[in-house]
Amino acid sequence: MFLYVEAARIISQVLKKKSSIKNLVFSSTYENKKQLYALTCECLKFSDVLDKILEGARLLEKEKEFLQGDRILARVLLYEFLLGKGVQHAGKYRMCIMGHRKEINSEMRKILEKQGVRNLRDVVYNHCPDNATTGHTLPKYVRVNQIKTDTNTVIENFQKNGWKLLKYKSSNFRETVESLREGEFMQDAHFPDLLVFPGGTDLHENELCVTGEIIQQDKASCIPAHVLNPEEGAEVIDCCAAPGNKTSHVASLIRNKGRIYAFDKDARRMSTMKKLIGIAGVSCVECLCQDFLTVVPTDPKYSMVEYVLVDPSCSGSGIVNRMSQITDGKDSVSDQRLHQLSKFQISILKHALRFPGVKRVVYSTCSIHPEENEMVVNEVYSQVSDQFELVEIMPNDWLERGAPEHEHSQCFIRLSPDQSLTNGFFVSCFERRKIACSFDSLKKTNACKKKRKKSKSETFIKECGDNKSESTDTFNQFPDIDNDQIRNEISNADENAFGDLLSMKHIDSSVEKKKQKRKHEEYDSNIGRSEGRNESNINAANRKKKKKKIKSEKCFQCTENGKNTDRKDTNTDLIDKHVQLSEQSNIQENRIESESEYCNKETINEKRWEHGKEVENEISTSEQSNEVAKQDSKQAKKRKGLYIVEDYPKRKKSDATICINIHSEKEKKKKERKQKKGETVSKINENVDDLDEIILNIASAAKHDLEKKQKRKKKKKKKKKKSVVGE
Ligand SMILES: C[S@@+](CC[C@H](N)C(=O)[O-])C[C@H]1O[C@@H](n2cnc3c(N)ncnc32)[C@H](O)[C@@H]1O
């Protein structure tokens with residue numbers, strides 16, 4: 001029979017490491033892939049014990065002519081005879097085994113007696129300690145598809161068909177699961193849409209399974225959708241969706257309303273997914289066969305997406321009875337592979353967090369390696385912690401947390417065969433920080449401005465930026481200069497520097513400036529070029545959608561405590577600006593796309609990210625603070641002694657990053673001379689502490705200028721005196 005020959009061929013290829021089982025099965029012409037895959041995996045799993053029986057029964061010798069020394073084919077036939085459905089409809093193959101069944105059975109009995117077990121499966125599990133506690137006892141989990149039915153109906157259906165529902169108290173859930181016997185089942189303690197059956201239960205042919213009312217899915221794999229917890233009608237992205245188990249779970253949670261954008265770059269897996277979600281009756285999913293890293297986060301299409309599921313490719317090291325463990329040994333993931341995987345996982349997770357409307361992102365893997373789990377999440381978190389926080393998942397209901405040697409381990413959950421009676425798994429969750437909206441910060445800034453106008457005293461600095469209270473001491477170090485004037489100069493330079501300042505960057509190298517200028521010119525010219533092409537993309541519908549989004553509660557810019565902040569004071573011009581900026585960003589995204597010939601993907605994505613950030617920040621600060629800075633810098637320029645050279649470049653600032661560049665007039669000229677020679681003229685101040693240094697510089701510059709002025713005056717006076725004396 002073709003099945004046996006094909007299974008033997010695939011096993012031999014896998015053992016020669018020509019390709020993976022999945023690839024070989026998918027590319028096989030044998031129609032029933034599931035059957036072929038199962039047989040291949042099982043034969044590999046039992047190869048040791050099958051070999052022992054083969055040798056004991058001397059099957060290869062006795063069937064020399066027929067088997068022609070093909071040990072792998074003999075193993076397949078033996079497996080089917082002893083552990084499978086029996087060698088069926090296979091003529092010669094069946095004869096080959098049945099003719100020696102006595103010897104085969106006697107060899108099997110010898111092994112069972114020796115091992116003190118009742119069946120061959122126990123022999124395998126006893127040989128592999130990991131499997132002894134897990135593989136055999138790992139329960140079978142079944143998710144009730146809420147799109148087609150509900151949990152009670154399914155429970156009743158099973159009961160009608162003779163299954164016994166076990167009741168339990170939450171304290172003895174685990175014991176009840178472990179004690180499940182054939183014909184018994186129970187409801188899961190954590191997730192009401194999950195039913196638990198004894199390990200080894202085969203429900204593939206169960207009517208509810210065939211109709212998609214229930215879906216066989218490990219409990220671990222059900223957790224990400226529950227943690228994501230999108231509300232009915234929400235918009236969700238599943239970055240790495242195929243074969244779609246989690247996608248269809250999310251669809252079930254949102255009651256098949258709303259929208260799920262399901263990406264997967266593998267066309268074959270995607271087509272499997274389409275079939276599976278079809279059976280599950282899922283209709284709210286848009287399947288997109290695309291590399292998720294090429295998806296433009298600011299595309300208006302995704303402006304309403306609030307939830308993203310990131311379940312990327314991983315080593316799969318958490319999966320019990322993984323074939324690679326059998327074919328390559330237990331710890332089969334090399335350091336190099338882990339490194340590659342974690343790099344990819346970081347980039348996918350970072351990209352997911354770039355979607356402007358996203359408020360929750362769940363990252364999961366079926367790996368047990370911290371390199372793919374805690375380390376990935378912590379690396380990404382270190383880059384986005386100003387916008388996102390790590391949420392403690394199921395704080396009271398789940399004991400198994402992240403690996404304790406890693407930061408934030410308490411936030412993460414892990415699952416393992418020993419503790420959770422599931423495959424090994426890892427889940428983490430990012431949530432957008434509930435920040436005071438930009439309008440609030442602007443209000444605050446204005447309030448500060450008014451206060452400052454009233455009193456140019458130290459209190460302003462203390463109240464609007466209490467972390468800078470020491471800077472008043474700096475002023476006091478120079479009692480002979482006009483402190484108020486200096487304070488005023490600084491606060492005029494940019495009120496945010498004291499009001500909302502979180503960090504500060506002082507970017508002033510000539511090279512950096514030139515680079516920026518070139519970048520801006522490039523951007524502008526490209527926008528000009530692509531405007532015509534892209535104008536059509538930005539249709540009225542999108543504009544409307546975007547406006548609606550911004551006005552709605554879900555505008556991430558204006559969300560406070562998860563609810564809409566008071567939008568009465570929302571300026572429609574600002575909303576328009578928001579829309580306009582996003583549209584501009586699309587134009588630029590397209591430009592970035594066109595650069596792909598000579599830029600690698602990662603660079604492009606970084607650009608997108610930077611640009612996305614700029615758009616956000618421009619909305620919050622450019623409107624007012626830029627104006628304030630411009631005007632104030634002009635005023636400042638007029639003043640003697642101090643010189644505020646420029647308002648910071650529009651593209652390089654953010655809510656938290658304000659570039660101010662303060663020089664004495666003399667210093668400025670010096671710098672210009674140096675710049676001409678191409679020398680680097682100032683350092684980059686990375687944090688707010690450098691403000692003190694700037695204040696000191698200004699103060700000393702002012703002091704220096706005052707002293708000069710006084711000297712000049714004295715000289716003039718002397719001259720006058722001399723001339724008077726002369727007369
Ligand atoms: C762990 S599987 C996803 C399983 C799926 N979430 C489920 O529950 O059924 C990872 C998937 O990510 C896909 N993938 C890998 N890199 C990708 C990328 N850059 N963009 C989109 N999909 C990707 C793979 O093709 C694979 O199907």
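In what order do the five strands of the open sheet stand? The order is E2-E3-E4-E1-E5, and the pairing among these strands is mixed. The model described here is predicted.

**The sheet**

Strands E2 (164-165) and E5 (214-216) stand at the edges of the sheet; each has a single partner strand, so one side of each is left without a neighbour in the sheet. In general, the strands of a sheet pair through backbone hydrogen bonds, in either a parallel or an antiparallel way. Strand E3, residues 184-187, and strand E4, residues 194-197, run antiparallel and are joined by two bridges. Glutamine 187 has leucine 195 in E4 as its bridge partner.

A helix also belongs to this picture. Helix H12, made of residues 151-160, lies across strand E1 (140-144) as well as E2, E3, E4 and E5. Relative to E3, helix H12 runs at about 170 degrees.

**The ligand site**

Around the ligand there are 20 residues, of which Lys246, Asp264, Arg269, Asp291 and Asp311 come nearest. By class, this shell holds nine nonpolar, four polar and seven charged residues. Helix H16 (245-253) supplies at least two residues of the shell, and so does helix H19 (335-352).

| Ligand atom | Protein atom | Distance |
|---|---|---|
| nitrogen | polar backbone atom of cysteine 240 | 3.0 Å |
| oxygen | N or O atom in the side chain of lysine 246 | 2.8 Å |
| nitrogen | N or O atom in the side chain of aspartate 291 | 2.7 Å |

Taken alone, the ligand exposes 600 Å², and 90% of that is buried by the protein.

**Two backbone details in loops**

Which peptide bond is cis, with omega near 5 degrees? The bond in question runs from alanine 242 to proline 243. Proline 243 sits in the loop between strand E6 (235-238) and H16, and H16 is one of the helices that supply residues to the shell around the ligand.

The other detail concerns arginine 58, which is not a glycine but has a positive phi of about 50 degrees. Arginine 58 is found in the loop that lies between helix H4 (47-57) and helix H5 (59-62).

Definitions and conventions
Residues numbered from 1 in each chain as written. Predicted model: local features only at pLDDT ≥ 70, side-chain atom pairs only at ≥ 80, totals over all residues. Heavy atoms only, no water. Pairing = 2+ DSSP bridges. Helix = DSSP H or I, 4+ residues; strand = E, 2+ residues; numbered from the N terminus. Contact = heavy atoms within 4.5 Å. Axes fitted to C-alpha atoms, helices over the stretch in contact; angles between N-to-C directions. Near = heavy atom within 4 Å. Polar contact = N/O pair within 3.5 Å; in protein donor to acceptor, adjacent residues only side chain to side chain. Areas by Shrake-Rupley, 256 points an atom, 1.4 Å probe, with all protein chains shown as cover. Nonpolar A, V, L, I, M, F, W, Y, C, P; charged D, E, K, R; others polar.
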